[in-house]
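Please open the structure in your viewer and keep the selection tool at hand. The stops below say what to select next and what is there.

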Amino acid sequence: MKIRSTASAVAMTAALALVVSACGGGGGGKKSAGNAEAPASQFNAGVTQIVNPSDKVGGTLHMGMPGDFDSVDPGDMYYGYAWNFARLYTRALTMFKPVPGEEGLKLVGDLAEDLGKSSDGGKTWTYKLRKGVKFEDGTPVTSKDVKYGVARSLDKEVLPSGPTYFNDWLDVGSYTGPYKMKGKLDDLKAIETPDDQTIVFHLKKAYGGFDYFAMLPQTAPVPEAKDTGSKYKEHPVATGPYMFKSHELGKRIELVKNPQWDPATDPNRKQLNDSVEVLLGQNEDDLDQRLLSGKIDVKVNSTGVAANARKTVLTEDKRKQYSDSAPIDRTWFTNLNSDVPPLDNIHCRKAVLYAADRSAIQGVYGGPEAGGDIALSLMPAKMTGYQKIDPYGVEASPTGNVDKAKEELKACGQPNGFSTTISFRNERAAEKQTAEALQQSLARAGIKLEVKGFPQGDYFRLYAGKPDFAKKNGLGLMVYGWGADYPEGFGFFQQIVDSRVIRSAGNTNLGVKDPEIDKLIDQAAAEQDATKRNAIWAQVDAKVMDDAFILPYVWAHGLFYRPPTLKNVFVSQNWGMYEFLTLSTQ
């Protein structure tokens with residue numbers, strides 16, 4: 001069983017019992033009835049309840065982030081915080097309810113009136129769009145705009161960063177996207193638009209969880225006439241309550257109210273802020289200090305405050321009372337690249353897994369209260385279907401087992417160890433410290449690591465996620481982490497361990513290549529019985545660990561800080577961070 005800090009365990013137990021109603025659409029006035037509320041000055045209050053509820057209108061929501069988004073183009077993004085942020089200006093077909101507690105894991109219609117209707121044994125899915133939705137220029141949104149949005153996301157050369165679910169599951173035939181097949185959108189037979197309010201998806205094979213795919217930002221409508229390909233990120237055309245006023249790439253984003261947004265068409269959002277400002281490319285420690293001093297309202301990332309600020313927040317009661325620590329469906333891990341010798345040998349990979357000091361890395365992320373629990377396998381223990389395994393004896397030896405590592409090195413023909421490079425994202429202090437911790441612990445077995453950082457925004461597009469670059473530059477280990485796209489085994493595993501999703505760039509699978517794993521994924525996706533399906537995901541977890549393609553070390557907690565002036569704050573059970581849609585300052 002997963003061990004949590006007492007405060008987190010109490011909070012999550014309360015979450016399981018909490019059922020709350022959705023925040024209503026638009027306007028100011030009295031606070032919404034039915035939403036759970038919590039006092040502002042209480043540790044973990046935001047894990048299960050709304051802190052500082054308010055429907056007052058006005059002011060600017062000030063956000064800041066270290067580094068940059070991978071993109072703000074809804075068809076080209078994959079960071080969870082980017083998906084969270086995108087809902088301020090886009091609307092996908094479905095969405096998770098923006099409410100605290102377990103109710104926040106429920107899918108509801110967004111651009112669509114309701115969830116999809118399946119037919120043909122789960123191979124065909126139909127959605128009806130809400131009437132009256134408009135783009136920021138007043139043009140009505142139609143089903144063809146949704147089809148175009150999905151179609152453009154299929155081109156992974158122009159838009160490499162998004163997930164490949166639609167590429168993998170839609171029956172696209174020879175269609176490769178509108179950039180190479182300009183003017184031939186009708187050739188995409190996998191998506192039909194029989195009228196302006198209806199869109200129909202045809203899959204290669206049945207999948208009962210397609211409503212999760214419909215939640216992806218790739219289903220946000222894009223007007224074909226306004227599409228500028230890779231430059232669309234400079235000004236995505238809005239359908240949500242806010243729209244882009246300015247976007248200084250890598251520096252600053254300003255959103256303002258979208259005058260064409262109609263709350264009557266959108267029961268899940270409000271338009272409380274006059275504007276939203278995001279400062280990009282900030283030094284993380286400086287950003288945390290600005291957050292703690294109230295100079296910004298919210299930090300845009302998936303894990304909260306960094307190591308230095310964590311110490312302040314957890315040790316000073318005046319800070320801790322405004323923070324939330326929540327277990328999330330995320331694992332911090334490092335990929336082992338089998339394209340880089342000698343890691344093409346399973347015994348050399350296992351040597352790494354045995355030698356690693358996971359407790360040191362747990363400390364990097366903030367320890368058991370703020371950072372998370374030591375991971376025994378890849379699958380987060382919080383996820384439905386988790387089955388405990390510990391193939392590398394981590395519980396007994398959390399600092400590593402050097403003797404076992406040396407045995408594996410002998411078995412792979414490297415008795416004196418070997419040298420390779422470990423990569424990390426520059427803007428993430430914890431990743432740099434993780435790389436350095438691994439450098440120290442692996443050296444005990446004779447494995448020497450050169451530590452090398454790369455920009456966060458292009459980590460997958462140009463560096464670690466580009467197989468040719470990773471192989472040529474000898475990136476044997478790649479520091480990484482993954483949160484479930486949605487709270488089900490497929491939403492956690494498929495994009496990081498299915499070898500068939502690997503492409504020329506923009507990968508999230510950084511080298512797991514085992515046909516047996518691919519077969520298990522197909523079996524789980526096709527299985528209709530939840531108990532049997534979860535058992536297969538447990539087999540996937542075990543096979544990944546046996547292959548030693550991935551070194552997991554922490555099942556994550558986030559430690560998030562909310563200035564006392566921030567309103568409508570809670571941790572989304574889906575996003576594992578603060579829900580951006582509801583935040584305001586008045």
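A charge sits over a ring if NZ of Lys or CZ of Arg is within 6 Å of the ring centre and within 35 degrees of the ring normal. With that in mind, and remembering that what is on screen is a predicted model, select Lys-320 together with Phe-43: the charged end of Lys-320 sits over the ring of Phe-43, at 4.8 Å from the centre of that ring. Then select Arg-152 and Tyr-232, where the charged end of Arg-152 sits over the tyrosine ring, 4.7 Å from its centre.

Before going further, colour the chain by pLDDT. The average for the chain is 91, and 93% of the residues score at least 70. Residues 1-34 have a pLDDT below 50, although in the model this stretch has 84 contacts beyond near neighbours in sequence.

**Aromatic pairs**

Tyr-354 belongs to helix H10 (residues 346-355), while Tyr-392 lies in the loop between strand E15 (372-374) and helix H13 (402-411), so the pair ties together parts that are 38 residues apart in sequence. Tyr-354 is buried, with a relative accessible area of 12%, and Tyr-392 also counts as buried, at 8% relative accessibility.

Next, select Phe-493 and Trp-537, whose rings form a stacked pair, 5.9 Å centre to centre and with 15° between the planes. Because Phe-493 lies in helix H17 (residues 489-497) and Trp-537 in helix H19 (residues 530-547), this pair ties together parts that are 44 residues apart in sequence. Both Phe-493 and Trp-537 are buried.

**The six-stranded sheet**

Switch to a cartoon view and look for the open sheet of six strands, whose order is E15-E19-E14-E18-E16-E17 and whose pairing is mixed. Which strands stand at the edges? They are E15 and strand E17 (448-454), and each has a single partner strand, so one side of each is left without a neighbour in the sheet. On average, and with direction ignored, neighbouring strands of this sheet are turned by 25° against each other.

Within the sheet, select strand E14 (residues 323-336) and strand E18 (residues 475-483), which run antiparallel and are joined by seven bridges. As a landmark on this pairing, find Thr-334, which stands opposite Val-479 in E18.

**Details of the backbone**

Now select Pro-341 and Pro-342, which are joined by a cis peptide bond with omega about 0°. Pro-342 lies in the loop between E14 and H10, the helix that also holds Tyr-354.

Asn-52 has a phi near 60° and lies in the loop between strand E2 (50-51) and strand E3 (60-64). Asp-120 has a phi near 55° and lies in the loop between strand E6 (117-119) and strand E7 (124-128).

Notes: Residues numbered from 1 in each chain as written. Predicted model: local features only at pLDDT ≥ 70, side-chain atom pairs only at ≥ 80, totals over all residues. Heavy atoms only, no water. Helix = DSSP H or I, 4+ residues; strand = E, 2+ residues; numbered from the N terminus. Buried < 20%, exposed > 50% of the residue type's maximum accessible area, 1.4 Å probe, protein only. Phe/Tyr/Trp six-rings, centres within 6.5 Å; stacked < 30°, edge-to-face > 60°. Pairing = 2+ DSSP bridges. Axes fitted to C-alpha atoms, helices over the stretch in contact; angles between N-to-C directions. pLDDT = per-residue confidence, 0-100. Contact = heavy atoms within 4.5 Å.
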